[in-house]
Amino acid sequence: MTGSSDPVVGGKVLRIDAVKKVRGEASYVVDVPWADAWHGAVARAERAHALVTGIDREAALAMPGVRAVVTADDLDGLFPFFGHYRPDHPILALGRVRYWGEPVAVVVAETLQQAVDAVPEVEVSYENLDNLMSVGQAMRHGAELIHPDYPEDPRAFGPFCDRGAEGTNEAFTNTMDWGDVDAAMAAAAHVERTRVAYPMLYGYPMEPYAAQARFDGAVLHVESNAQHPFQVQKDLARVFSLGLNQVRVAGKTIGGGYGAKSYTKIEPLAAVCARAVDRPVRIVLTLEESMYTSRADGAVVEVATAFDDEGRILARDVDITLDTGAYTDNSVRVLRKAVETCFGPYRVPALRVRGRAVYTNTTPASSYRGFGAFHTNPASESNLDRAGEALGIDPLEIRLRNLAKFGESIIPDSRPVDSDLAADLAAVHAALKVVPREGKLQGVGFGCALSPEGADPTSVAIVRLLVDGTALLMVGSAEMGQGAHTTLAQIVAEELGLALSQVTLAPTDTHLVPYQWTTGASRTTAVVGLSVQRACRDVRRQLFEMAAELSGDDIADWSWVDGWLTGPSARTLTPGQVITEWFGPHRGEIVGTGRTQRRGDLDLWPSLWEVGVCGVVVSVDPDTGQVELDQLVSVADVGKAINPQGVRGQDIGAATQGIGGALFEQIVYDGPQMANANLVDYRVPRMSDLAERIQTIVVERADGPGPFGSKPVGEGAMTVMGGAILAAVARAIGRWPEQLPLTPEYVWRLMRQRPDGDDPD
Amino acid sequence: MSTHTVRPVVNGAAAEVQVEARTTLADMLRTGLGLTGTKVSCEAQICGSCTVLVDGLPVSSCTYLGVDTDERAVTTIEGVAEGEALDAVQQAFVDAGAIQCGYCTAGYVLAVTALLEANATPSRDEAKHFLDGNVCRCTGYEQILDAVFLAVAARGEQQ
C-alpha cells in the first residue's frame with residue numbers, strides 16, 4: 001500500500017539514493033581502497049605510433065615503496081586483449097603503441113603517491129612509425145597499417161559491420177539500402193547536399209575510471225565503476241581462461257557514466273597487476289588519463305536528399321566517415337547506429353547509406369550517450385532546413401510533411417513508430433518565442449530524431465518477497481546517476497503494492513544479481529523494467545498457487561487487488577500472510593524471476609524507439625560570434641513518466657550535453673598528443689550557459705512497450721541539440737555552419753565570409 | 001619529501017594529521033582523515049566537485065595545500081547535516097531532484113552554503129554567477145538552481 005496521495009508510479013518520488021549522496025555517505029570505487037591493496041600508476045606512451053624497443057624498469061624499481069613494474073611480459077599465458085566485437089585492444093602495449101597515452105607499464109607501489117612518483121622513472125625506448133592523426137592521413141595511399149598483423153576472424157565485426165578494405169586503415173564498414181536512389185535523384189525537383197563535421201568528444205563522467213582487483217583463490221574479484229559489469233566479466237574470463245563463475249565484477253555508486261564507462265576499460269589492467277604481485281591492486285586514473293582511455297568518435301557526414309516540389313523526401317543518400325581511433329571497442333555499434341539514424345524520423349522512399357570507420361593514432365573511440373544518432377542528426381536536419389529554405393517551405397512545415405506517422409516503419413520490417421512526432425513538434429513550435437534582444441542576431445532551430453534503443457534486450461530480474469512483506473530486487477543494471485534503481489524500485493512497489501521504502505536493491509555484483517546485457521541504450525526503464533515487472537508477476541503467481549493450495553481452491557479463483565490477494569467469497573490475504581501460512585511463522589520467502597529477449601512484446605527490432613524533438617532560440621553576438629541560448633524546449637515523449645522528476649532531469653541533462661557538443665566541446669589533436677586533455681581546455685557547459693528559458697514538455701500517451709506504456713528517455717534530447725542549434729545560428733547569421741562546435745571564433749569567421757557582403761559590423 | 005603536522009578544526013572537531021608539503025587538502029581529507037565525501041575530478045580548480053569551506057570561504061581542495069589549513073576551520077560535506085537531520089541546502093537538493101550521480105553534490109552543497117552566507121536572497125543571475133565554478137555533468141543545472149531557491153525559501157522561514 002503506498003499510503004500517500006502521490007502514486008508510486010507517476011507521482012513525485014524522491015530518489016532512493018539522494019539522502020546518502022547529499023550527506024557525502026554514498027561510497028564510490030574511488031573512495032575506499034581494499035585494506036591490503038597496493039596501488040598502480042600507469043606509465044603511458046609518449047608517442048602516437050611507434051614500436052616499443054625496450055622498457056627499463058630498474059630505476060623505477062629502486063624508488064621507495066615500489067614493488068613491481070608490470071609490462072607486457074606479465075601477460076604471458078594470458079589472452080592479452082579485450083574488446084567485445086573485435087578483441088584488438090591490448091591490456092598493455094605489445095611491442096607497439098598506437099596512440100599517445102596508451103598504457104605501456106604499470107608501477108605497483110605501497111601507496112599511490114609512491115607509484116605516481118616512480119612512473120617517470122620507467123624508461124621506454126621507441127622506434128617511431130608514421131603518426132596517422134586523421135582519417136585523411138590514415139587513408140592516404142601507402143599509409144602504414146595501424147593493425148598490420150592482427151589475426152583476422154571474418155566474423156569479428158559481425159553481425160553489424162564488415163571489415164574494411166584490406167591493406168588499408170579502414171577498420172569496418174556498414175551499409176543500408178532500399179529503393180532506387182539514383183532514379184529518385186534524377187527525377188527530383190530539388191537535390192540538397194549538406195556536409196557537417198562532428199567533433200570527437202569526451203563524455204566526462206566526473207568520477208574518473210577506477211578499478212581494484214584481487215584473486216580470491218580461483219575467483220578473480222574486480223570492483224570497478226563499469227556500466228556493464230557482465231560485459232567486463234566476459235572479457236576478463238577470456239583474458240584469464242576462467243569460467244564466468246570464477247569472475248566476480250562488482251560495482252558501487254557510480255559517478256556518472258553516459259556511455260563513457262560502458263564496456264571494459266582498466267579492469268584487465270588492475271587484474272593483470274594483481275596476478276603479477278599476488279596481491280590486490282587498485283588503479284584510479286586522473287581526468288587526463290581518463291581522456292586518453294576513451295572518447296566518442298569524430299564524424300563527417302554528407303547527406304544528399306532528393307525532394308519533390310512540395311518538399312517531400314524522395315530519396316536520401318548518406319555517406320558517413322568515423323575517426324575511430326586506435327582500437328575497435330564499441331565503435332562497430334556506433335557506426336551501425338549512425339547508419340540506422342542518419343536519415344531521420346522521416347518517410348524515405350529510397351535510401352542509400354555508406355558508412356565506414358577508420359583507425360587513426362588517436363585515443364580509441366567508443367560509446368557516448370546517443371552515439372551514432374548525435375553524430376548524424378546535425379547533417380540530416382540541416383539538410384532538410386536548407387532544402388526548405390531553397391523551396392520556400394518553413395522549417396516546421398517541411399518536417400510535418402515528412403515525419404513518419406504513428407504506426408509507420410521508417411526502416412523496412414522494423415518496429416512501427418510508436419509516437420506522434422508531428423504533435424510533439426507542434427507543441428515545441430507553440431512553446432517557442434523569440435524575445436528580441438538589443439544588439440544580438442537571433443534565430444530559431446528545430447530538431448527531430450528517432451533512435452533505435454534497447455540494445456540487445458536480454459534482461460533477467462529476480463524479486464524476492466520477504467516474509468515481513470518487504471522486497472529485495474536483484475538486477476544487474478548499474479546505478480550511475482540516471483536514477484535507474486529508483487525507477488525499478490518504483491515498478492516493484494507498484495506491482496507488489498508496497499511503499500517505495502519497502503523495496504531495496506541488491507548491490508550490482510555479478511556474483512549476486514542475475515545477468516544483464518548492459519546499462520545503456522536507454523534500455524533500463526522499459527526493457528529491464530519489463531523483466532522486473534515480470535518477476536513481480538511471477539511472485540504474484542506463486543502467491544496464488546500457495547493461497548490456492550492452502551485454501552483448497554482453484555488457483556484461478558485468486559486475483560490481485562491493490563496489493564491484496566482476493567479469493568473466493570471475498571476472502572483477502574496479504575502476501576505476508578500467505579508466506580507465513582505456507583512456510584510457518586517468520587520464515588520463508590518467494591523468489592520471482594522475469595526475463596526478456598527479442599520475443600513476445602519485444603519481438604520486433606528495435607526493442608524501443610527513443611524520440612528526440614526540440615526547439616531552440618539563440619542569440620549571437622555580432623562582434624564576438626558568441627552564441628547564447630535564449631530558450632530551449634524539449635519533448636520527453638516517454639509514454640509514461642514513471643518518475644516525472646527523473647524524466648525532467650534526464651531530458652535537460654541530455655540536452656545540456658548536446659549543447660556541449662554544439663557550442664564548446666571538442667577533443668583537439670594538433671600534433672601526436674591530445675592537446676586538451678584537461679577541463680581548462682576541454683570546455684563543458686556551465687551553469688551560466690543555461691538557456692534563459694527552459695522547458696521539458698513531458699508527453700505521456702502510454703504508447704511504449706515498457707511497463708505502464710513507458711518508452712526510453714535520456715539520449716533523445718542530446719541527439720537533436722546539435723542540429724537545432726546549428727540551424728538557429730544559421731538563421732541568425734545568414735550562413736550555414738558545416739561543423740560543430742560553434743565556437744565564437746568559428747561563428748565570427750563564418751559571419752565575416754558572408755558572400756552577400758552584408759557584414760554584421 | 002618533508003612532512004608536517006597540521007592541526008585544523010575539521011567539522012568543528014580538532015584534528016591532527018601528518019601531510020607532505022605537497023599534499024592537497026583533498027588528499028589530506030580523503031586519505032589522511034577518511035572524509036571521502038569530498039570528491040576530486042578535474043584536479044585543476046575548474047569543476048568545483050572538491051569544494052570545501054576554509055574559515056567559511058569556499059576553496060577547491062584539489063589545488064589547496066593541506067598544510068595551509070593549520071589552525072583553520074575546515075567544513076566538509078560530512079559536517080553539514082545536524083545528526084540525522086539534513087541541512088536546508090541538503091534538503092533542497094533532495095527535494096528539487098538536483099542530484100543524479102552525486103559526484104558533484106558535496107561541492108555544490110558547500111558552494112551554495114557559501115553563497116547564501118554571503119547573500120541570503122540572491123537573484124537568479126547572482127546565483128548562476130556564484131556557482132559558475134561548479135560543474136554538474138548530469139542535471140543540466142536547472143534543478144540545481146531550483147534547489148538554490150528552495151533553500152533560500154527554507155532558510156528564510158527558519159529565521
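Predicted model: local features only at pLDDT ≥ 70, side-chain atom pairs only at ≥ 80, totals over all residues.
Residues are numbered from 1 along each chain as its sequence is written, and chains are lettered from A in the order in which they are written. Local features need pLDDT of at least 70 and side-chain atom pairs count only at pLDDT 80 or more, while totals for chains, interfaces and linings use all residues; side-chain values use heavy atoms, with hydrogens and water left out.

**The helix pair**

Select residues 229-240 of chain A, helix α6, together with residues 267-277 of chain A, helix α7. Helices here are DSSP runs (H or I, at least four residues), and strands are runs of E of at least two, numbered from the N terminus. The two helices pack at an angle of about 40°, with their axes 10 Å apart. Axes are lines fitted to C-alpha atoms over the stretch in contact, and angles run from 0 to 180 degrees between N-to-C directions. α6(A) and α7(A) are therefore oblique to each other (under 35 degrees counts as roughly parallel, over 145 as roughly antiparallel, 65 to 115 as roughly perpendicular, and the rest as oblique).

Next, display the side chains of the contact (heavy atoms within 4.5 Å). Helix α6(A) contributes Val232(A), Leu236(A) and Phe240(A), and α7(A) contributes Glu267(A), Pro268(A), Ala271(A), Val272(A) and Arg275(A).

**Salt bridges within chain A**

Over all chains, the whole structure holds 55 salt bridges (a side-chain nitrogen of Lys or Arg within 4 Å of a carboxyl oxygen of Asp or Glu). Select Glu170(A) and Arg356(A), whose closest N and O atoms are 3.8 Å apart. This pair links strand β10 (residues 170-178) of chain A to strand β19 (residues 351-359) of chain A, the two residues being 186 residues apart. Glu170(A) is buried, at a relative accessible area of 15%, whereas Arg356(A) is partly exposed, at 28%. Buried means under 20% relative accessible area, exposed over 50%, and partly exposed in between (1.4 Å probe, protein chains only).

Move to Arg534(A) and Asp601(A), a salt bridge with its closest N and O atoms 3.6 Å apart. Arg534(A) lies in helix α14 (residues 524-551) of chain A and Asp601(A) in the loop between β28 (589-596) and β29 (608-620) of chain A, so the pair ties together parts that are 67 residues apart in sequence.

**Between the chains**

Finally, select Arg137(B) and Glu665(A), which form a salt bridge of 2.7 Å, N to O. The pair crosses between chains, and both residues are buried.
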